[in-house]
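Please keep the structure in view while reading.

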Protein chains: 2
Amino acid sequence: MTKFNYSKRVPADGTDAVGTILKAAADPQIISFAGGLPAPELFPVKEMKEAVDRVFAKHGQEAMQYGAAKGVTALRKLIQKHVKDKEDVDAELENVLVTTGSEQVLDLVGKAFVDPGDTVLVEQPTYLCALDVFKTYGANFAGVEMDEQGMKMDALEEALKSHPNTKLIYTVPNFQNPTGRTMALERRKQLAELAAKYDVYVLEDNPYGEIRFAGQHVPAVKSFDQTGHVFYMSTFSKTLAPGFRLGWLVADEDVVNKLTVLKQSADLHTDNLAQYAVVEFLQNNDLDAHVKEISDLYGKRKQLMVDGIKKYFPAGVKYTDPEGGMFLWVEVPGVDDTVALFKECLKHNVAFVPGDPFFAGAAQPGTFRLNYSNAQEDKITAGMKQLGAALQDAVAK
Amino acid sequence: MTKFNYSKRVPADGTDAVGTILKAAADPQIISFAGGLPAPELFPVKEMKEAVDRVFAKHGQEAMQYGAAKGVTALRKLIQKHVKDKEDVDAELENVLVTTGSEQVLDLVGKAFVDPGDTVLVEQPTYLCALDVFKTYGANFAGVEMDEQGMKMDALEEALKSHPNTKLIYTVPNFQNPTGRTMALERRKQLAELAAKYDVYVLEDNPYGEIRFAGQHVPAVKSFDQTGHVFYMSTFSKTLAPGFRLGWLVADEDVVNKLTVLKQSADLHTDNLAQYAVVEFLQNNDLDAHVKEISDLYGKRKQLMVDGIKKYFPAGVKYTDPEGGMFLWVEVPGVDDTVALFKECLKHNVAFVPGDPFFAGAAQPGTFRLNYSNAQEDKITAGMKQLGAALQDAVAK
């Protein structure tokens, strides 16, 4: 058998911890809170079908032909308006790049900015796929402590001082994956200022911001950016549907132009049919009303999950109580081996994602992420009871 | 204004020669043979609409949800059958990866295999976007001489000997972009053998192979691969439509698994709706009959272009006469500055892509690429007359 001589960008075998976990959790016997999927029963299937029908009727040939690397202009204009309306971000058309899912923004920013040995500062814990992407470009990481108000700015400035080769700060300020925490307004202003002061870039990843079921909206970090150091990214994956792979970047025109060149080398452009279809959808449907429906359902499911924690979990367990998004975060004191805990829970036919892969450095033991968006209400109630029993067993040991 | 501190992976400003050319050629006054687009009038718009309708009716939620990084299983099975039927390539399901256009295969192979300073051997001239992609990963290039039978195998072996750090050989064996040349059968066998002998990889890029309007089919290099050193890639962009961005890789299972991990970091997975739609299209339509229609039209247009060359071009001009694909290649002896020639032709309201960017090293002056797939017949006739006049002027100077 040929032994292939891979670049060191390729992760070593056996590092796909999460894949292994999701596979274990896929057993139909198991109630899984491990995934991170939106509720498919709310996908606007009929309305998207109508939108696609209109695309084929109006400009089918154009939708099927090669398109522009920056994206369909009509969609870029709608995104431009959207970030102004929702996040108070002033953008010109030249500041908007359509991408193949928001994952592609991570990849393009990593490719364009992160050289081997550069430091990327991340929330502790953070979105694990961001770690994977930046790692392929040779990033070192330093984790920045969080509290209930998000990334701590004094800890961030310390990290900036002690890592002078920092290139990028990655943050999910709203209903963070995995913790569900939201960064406070004042910290967002400070973050934009610190980025300018230390001449590093902020990648502000906001997939969940619109899925708010409690509390008040907080404007984007990007809305406080005076210098172009903040790059803002979002997606239609949580508000509409992820299957189309549509994300976007809003950044300084020079950054957008450079990333467009790299995007051409990555996939030439994003699926035209999907872009035109979303344009039609947005022009003929009330996205806000649809997002309200999603938020209401997720809020209800989150509450069931929190009720389950209160009712069934051992005393002393800590948890976040998010005002939006799809995830909450649990800390079980006294647990040393989270993966062993995970296996114990599997025996009780319930699953989550152990906290370990969300940490850039040393993980906090006994932590895990629960997803509430993709489980029916009866499953949440039953699953939390099982999970509670499993945790009681584990803590008693 | 902020000066952004990019990685050296980002190309310097002003290197987008082709973008500049395509922009110049976009003037509606100009008859352009510069682009590389399929004929949109042959896109099966009605049939694709029906296919999408069936997807929404049968499994709309699934098509809109997150999907598998390797692609929709039904599509991978159809690709597996397709490469067997068309190219005599034996593949298991595990050998097939669906990608976001075939451009993504270039990117993933570059990322997985090409380290800074590695040599990539390419045909001289070669597909310019492949140069762009591998360059972002730090590749050095060496060009391998071609003749009418494609890449010369003695020249290739010389290059392998003189560049011991070669990692990859990139080839477009059928109706090559930009020359339209096809690699002879015997050379394909030799290529597979040389790759195994020198333990380097062949990336066989076959977007055009099915668009044959003359001569006999030649089996893929991959069909002669005994050792897994050949990676085969193709796309639906030329046989169906490019707007969906659907390509694929067929390679050793280990390579597919490693590239799947990198694909997850690039865009998680390829558009599900597009994948399901193409499955429905293939199950309910005769793709071969459709490809025959495309080939017939392109053959007719190629012939008109060759007729124009014979009638209007100065004596001594050489050209290829492809048996398929979308491009032919012209060499005008005595021309030193191809870009000046291009500008002269623009004055005659006709455009092409100058040969320079297709060369990894020193370009052959007086060469250019003509596209015949995307111009109506009357435009070809008129454009070739204008181009002939421009060349007569240039040669006379």
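**The interface and a buried strand**

Across the interface of chain A and chain B, 4 salt bridges are found in this predicted model. In one of them, B:Asp53 is joined to A:Lys49, with the closest N and O atoms 3.3 Å apart. On the side of chain A that touches chain B, H2(A) provides the largest share, 10 residues.

The contact as a whole draws 76 residues from chain A and 76 residues from chain B. About 6,600 Å² is buried between the two chains, and carbon and sulfur atoms give 59% of this area. A:Arg9, A:Met64 and A:Tyr66 supply 12% of the area that chain A buries against chain B, more than any other three residues.

The same surface serves both copies, as 100% of the contact residues of chain A recur in chain B.

Within chain B, strand E8 (residues 230-235) is largely enclosed by the rest of the structure, because 6 of its 6 residues are buried. In a regular strand the side chains alternate between the two faces of the sheet. Accordingly, B:Val230, B:Tyr232 and B:Ser234 point one way from E8(B), while B:Phe231, B:Met233 and B:Thr235 point the other way.

E8(B) has strand partners. Strand E7 (residues 201-205) of chain B runs parallel to E8(B) and is joined to it by 4 bridges, with B:Asp205 opposite B:Met233. Strand E9 (residues 246-250) of chain B pairs with E8(B) in the antiparallel sense over 4 bridges; there, B:Trp248 is the bridge partner of B:Ser234.

Definitions and conventions. Residues numbered from 1 in each chain as written. Chains lettered and ligands numbered in written order. Predicted model: local features only at pLDDT ≥ 70, side-chain atom pairs only at ≥ 80, totals over all residues. Heavy atoms only, no water. Contact = heavy atoms within 4.5 Å. Buried < 20%, exposed > 50% of the residue type's maximum accessible area, 1.4 Å probe, protein only. Helix = DSSP H or I, 4+ residues; strand = E, 2+ residues; numbered from the N terminus. Pairing = 2+ DSSP bridges. Buried area = accessible area lost by both parts, 1.4 Å probe. Salt bridge = Lys/Arg side-chain N within 4 Å of Asp/Glu carboxyl O.
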